[in-house]
Amino acid sequence: MNVLKGVAVYRGIVFGKLKAYRKDYFDMYSDKVFSGNSEFEISKFENAKKDAMEQLDGLYESALKDLGEEHAMIFGVHKMIIEDYEYSESVAGIIKKEHANAEYAVWLTSRRFEHKFETMDNEYMQQRASDIRDISRRIINCMSNPPGDKINEDKKSLIIGCDDLSPSDLLELNSNYIKGFITMLGSKNSHTSILAKSMKIPSIISLGEQLKPEFEGCDVIIDGFAGAVYVSPDSATIRRLKKKKELCDKQEELLSSFKGKENVSLDGQEVQLSANVSHIADIKVVKDVDANGIGLFRSEFIFMGRHNYPTEEEQFRIYKSVASKMDGKHVTIRTLDVGADKQMDYFDIPKEANPAMGYRGIRICLDRPNIFKTQLRAILRASAYGNVEILFPMISSLDEIIRIKKILNECKSELRCQKLDFNDDIKIGIMIETPAAVMISDILAKEVDFFSIGTNDLVQYSLAVDRQNDKVNFMFNPQHRAILRMIKMVCDNAKLAGIRVGICGEIAADENMTEIFLSLGVNELSMSAPFILGIRKKVRETNVSLIRDQIVSKL
Amino acid sequence: MNFKYKIKNPCGVHARPAGHLATFVKNCNKKYDECEIKIGKSISADCGCGDCKDASQILSVMSLGLKKGDEAVFYIYGPDEQAENDIKRDMCDLLSEHF
């Protein structure tokens, strides 16, 4: 037995056979085979094109249904490339002129187009060469049976192993019912990982050289809780993991019985359980666990993985699609929260000695009003299509709120002049994540419609503990009495002003904290969607009136 | 009819913009009996251009390699002037959003 350790992307345990997923057989068609029957070769190509189009139609439909238009679009583009007659003419030309077989003609055509794109002086276009290759590979697959990639035998128990998977690889493999995948490369924040999570595919990534070619065909077990892969497991391991899987399945089943139930404690206190969303693909899970809404929509992802600022139209389309998908449930969009520690090149923010206390969040937005206004206009316009709210991060003074409101009002009057629809009464809220905001929360509460306590930063700033620092991160304690007292203070001030208060840090999903939050009168807990049902169960088992006095007196 | 358009998309005319254009042109071809829309890269002040490509073909459009700041030239041949103007108007909406 071999035990490989990597990074778990989605929790879950699966058993299966390891299948290598390779792509490098493409160049084996680089040898021309003489064919005296050009017509036969051309019809072979035309039939393969039809089959490929059908495959892409299927992929487009399933991606559209599961993941939305944004992800599905890639298959639409691939279809258009297949329909392109310059491509087809090139293939037919090679078949006729060189008396070549169709596979070779597709290969050569692909190489020529790839070359054209690779030599363009635009990095983005250079990457499009891979689209051409993807399509050509698909067409060749439809003509002949390449070795390696046939994923049809015993579909139900395959686990895919490869160096790295692209998002479209994953979408396609999923439609063939793979159980899980393991890769040598990859990162937890990559598009592929985000997709794997929303598709609930157990997967372990960045295994590096531990993953060896000779494991192909072996029995493997993925343990997505421990981040481990067992290759040719011994009987004791199989027994242990079968038991673990049984327990997990039972737990899952129990939790799913809480779908559709209200978040009300035994004595009738209600709390909203909403989801944190970091990517559009998360929305599917949000709907699956029937969250009360989106309590924190991290808009940063729209700005990441690109070379330029997203336009108002691009942002508008994303916000609008989320707002309408949520069917009237609230969608709290947090404005851009980047800084020197997580930033995009095109923002051009110099390195800082102390980024946590530097140029970040609302400070950047207020300093660069153009970026800010583009985003605000997009959010406002989306507010015509659902229950959209705006949340501003990193607030530390009243003055910031006044400046934000001024800019927001400018955006509103611009939109009014342009006769564009928006919700004039859109609710605005602020993150309470600096000790300063806690201390003046009575003043701030008069200016906004809701508070959202961001515990991760609040703990870091209040306890003076840098979580990235291995020497001190053991002191990072969200349950520190200082933090609980701060949360109480914010809740009390919110209640006095009659506004909503929520918690959107990691501890919102901590079952040990639920009783405390309910006792303090927190109105909303926003967390990563998979935790919602567990917390719902906890809320429904809690009797707040019995524990409130005892908990509050201890703070 | 012809007109010029300066590319503003920082990524240039890549797959998605080219795809949107191709879809649009294909719809025009369906709508009007005689209709041809071509795209090229501007090389002189008077709408002259090098290679002209059928704008309904995504690879052809992409392989022009139009970058931000480049000028594209569009040629619209429709059944009559009214139709050409209609096509141009709709096309400009599309261009301002994706190109």
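Student: Which strands of chain A does helix H9 lie across?
Tutor: First, this is a predicted model: local features need pLDDT of at least 70, side-chain atom pairs count only at pLDDT 80 or more, and totals for chains, interfaces and linings use all residues. Residues are numbered from 1 along each chain as its sequence is written, chains are lettered from A and ligands numbered from 1 in the order written, and side-chain values use heavy atoms, without hydrogens or water. Helices (H or I, at least four residues) and strands (E, at least two) are DSSP runs numbered from the N terminus. Helix H9 covers residues 235–256, and it lies across E3, E7 and E8.

Student: At about what angle does H9 run to E3(A)?
Tutor: Axes are lines fitted to C-alpha atoms, for helices over the stretch in contact (heavy atoms within 4.5 Å). Angles run from 0 to 180 degrees between N-to-C directions. For H9 and E3(A), that gives about 125°.

Student: Which strands are at the edges of the open sheet?
Tutor: The order is E1-E8-E7-E3-E4-E5-E6-E2 in chain A, with mixed pairing. Two strands pair if DSSP finds at least two bridges between them. The ones that pair on one side only are E1 and E2.

Student: Which residue in E6(A) stands opposite A:Ile182?
Tutor: Strand E5 (residues 180–183) and strand E6 (residues 203–205) of chain A run parallel, joined by two bridges. Opposite A:Ile182 you'll find A:Ile204.

Student: How many bridges pair E9 with E16 in chain A?
Tutor: Both belong to a closed barrel of eight strands, E9 through to E16, with parallel pairing. In this pair, A:Gln272 stands opposite A:Glu524. E9 (residues 272–277) and E16 (residues 524–528) are in parallel, and the number of bridges is five.

Student: Is A:Thr109 buried or exposed?
Tutor: A:Thr109 sits in helix H4 (residues 102–118) and touches A:Tyr87, A:Ser90, A:Val91 and A:Ile94, leaving out residues up to four places away in sequence. Buried means under 20% relative accessible area, exposed over 50%, and partly exposed in between, with a 1.4 Å probe and protein chains only. A:Thr109 has 0%, so it counts as buried.

Student: Which side chain of opposite charge is nearest to A:Glu400?
Tutor: Lys and Arg count as positive, Asp and Glu as negative, and His and the chain ends aren't counted. A salt bridge needs a side-chain nitrogen of Lys or Arg within 4 Å of a carboxyl oxygen of Asp or Glu. A:Glu400, in helix H15 (residues 398–417), is buried but has no salt bridge. At 4.7 Å, the nearest opposite charge is A:Arg363.
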